[in-house]
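This briefing is for a reader who is new to the structure shown below. It takes up a few selected places in turn.

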Amino acid sequence: MNQPARAAADRCPGVFDTHPAADGALARVRLPGGRIRPDQLEELARAAADHADGHLELTVRGNLQLRGITDVEAVAEAVVAAGLAPSSTHDKVRNIELSPLTGRIGGIADARPLAAALDDALRADPAAASLSGRFLFGIDDGRGDIAARRPDACAVIRARTPLAANISIGGVAVGSASGSEAIVRALIAVAAGLGQVVPGAWRVRDLDTDARRRLTDLVASGLDPVIDNDPDTTPSAPGEPIVGWFDQDDGAVLLGAVVELGRLPARLAEFIAAVQAPIVFTPDREILLCDLGEGVAETVVRVLAPMGLIFDAASPWASVSCCVGAPGCASAHAPVRDDLMARVQAGDPVDEREHWVGCARGCGSPAESHLSVEATPDGGYERRRR
């Protein structure tokens, strides 16, 4: 017997369906693979400055949020004009995490075309419009960084020629597919299968053991067996924060940075856009400026570091994050941002990844193991490892 679907509606925000937070409307802009062009970032920065709280929030899925919106329609128009909401019906379902360094540093194969093909297929599938805005797709180029986050449906590339990938459901490999079209079909089959097995389920984690088995059997029936790595390629394990100066495989430079509290001021975003380089926002709330010449990279560090772009991997801001807390969220028990800022300014060492939250919902929590610092109703904080 199917377990019941969630009783509450999915209130995950989008561009056209914002969330009424305590500090005003909140819009979430999906960036499949975390990628954005300079002109698009400039458009969002202008919208944040003119119609929101003047910041772009970095999310745990490599997306961007605008808070405190005073003119929802104007923000939506800006996002559409930037080409960042190509479909009003599929706006919230374009949740695709992609290995941030793919095609530039390491990895078995460049996974960017595969992510683009998945986005195209999602928007072309009328049935995908009913998918929960919380369902997460992953494209891992073989290094294991995205697979470690256990997306609902993930393709982990295992061979470059011909392109082949293992398909996993909630972190468990269930089969393999070869060729871009087959891999994309398999990923969408996981999403479609979820709706067939338990109508109304948001994510794979909603399923009990029996329902998950039925989903696995349904998807695996259209796949080949799980394959081993191409012997000529060796995936690299996830490493340290992507913060600092990195040499790309093609000789160009990639700069990785973070910002305090994961909030990118609109003015700083405009300066980043002015570099006229590809930009990637990672699920760890890092900002990557790619394909730079050495001279340009040196200028970027010299100009943008004093403005608040942090290029030091040893900075606490490379390891700590938080939700908005009070008063921005009515559910929060504490002013989380203020308390986290005080914690960092006190200078106490940050020995592991920390995420501070205002209530038990744990919004924005990292997928990997971390120290959760949760505000309690009595005004204190409870610490536990997750």
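Ser-372 has a relative accessibility of 1%, so it counts as buried, the cut-off for that class being under 20%. The model is a predicted one.

**Ser-372 and its surroundings**

- Ser-372 belongs to strand S18, which covers residues 371–375.
- Leaving aside residues up to four places away in sequence, Ser-372 is in contact with His-355, Val-357, Glu-382, Arg-383, Arg-384 and Arg-386.

**Aromatic pairs**

- Across the whole structure, a search finds two aromatic pairs.
- One of them joins Phe-135 and Phe-137 edge-to-face, with 5.0 Å from centre to centre and 65 degrees between the planes.
- Phe-135 and Phe-137 are both buried.
- Trp-356 and Tyr-381 form a pair with ring centres 4.9 Å apart and planes at 55 degrees, so this pair is tilted; the class of edge-to-face begins over 60 degrees.
- Because Trp-356 is in strand S17 (residues 354–357) and Tyr-381 is in strand S19 (residues 381–385), their pair ties together parts that are 25 residues apart in sequence.
- Trp-356 has a relative accessible area of 5% and is therefore buried.
- Tyr-381, at 23%, is partly exposed, since that class lies between the limits of 20% and 50%.

**Crossing of helices H3 and H4**

- Helix H3 spans residues 112–124 and helix H4 spans residues 180–197; their axes come within 10 Å and cross at roughly 55 degrees.
- That angle makes H3 oblique to H4.
- The two helices, H3 and H4, cross in a right-handed sense.
- On the H3 side, the contact is made by Leu-114, Ala-117, Leu-118, Ala-121 and Leu-122.
- On the H4 side, the contact is made by Ser-180, Ile-183, Val-184, Leu-187 and Ile-188.
- Of the residues in the contact of H3 with H4, nine are nonpolar, one is polar and none is charged.

**Arg-205 in a loop**

- Arg-205 is found in the loop that runs between H4 and helix H5 (209–220).
- With a relative accessible area of 63%, Arg-205 is exposed, because the limit for that class is over 50%.
- From C-alpha to C-alpha, Arg-205 and Ile-169 are 9.8 Å apart in space, while in sequence they are 36 residues apart.

Notes: Residues are numbered from 1 along each chain as its sequence is written. This is a predicted model: local features need pLDDT of at least 70, side-chain atom pairs count only at pLDDT 80 or more; totals for chains, interfaces and linings use all residues. Side-chain values use heavy atoms; hydrogens and water are left out. Axes are lines fitted to C-alpha atoms, for helices over the stretch in contact, and angles run from 0 to 180 degrees between N-to-C directions. Helices (H or I, at least four residues) and strands (E, at least two) are DSSP runs, numbered from the N terminus. Angles under 35 degrees count as roughly parallel, over 145 as roughly antiparallel, 65 to 115 as roughly perpendicular and the rest as oblique. A crossing is left-handed if the near helix is turned anticlockwise from the far one by less than a right angle, and right-handed if clockwise. Contact means heavy atoms within 4.5 Å. Ala, Val, Leu, Ile, Met, Phe, Trp, Tyr, Cys and Pro count as nonpolar, Asp, Glu, Lys and Arg as charged, and the others, Gly among them, as polar. Buried means under 20% relative accessible area, exposed over 50%, partly exposed in between (1.4 Å probe, protein chains only). Rings of Phe, Tyr and Trp (its six-membered ring) pair if their centres lie within 6.5 Å; planes under 30 degrees apart count as stacked, over 60 as edge-to-face and the rest as tilted.
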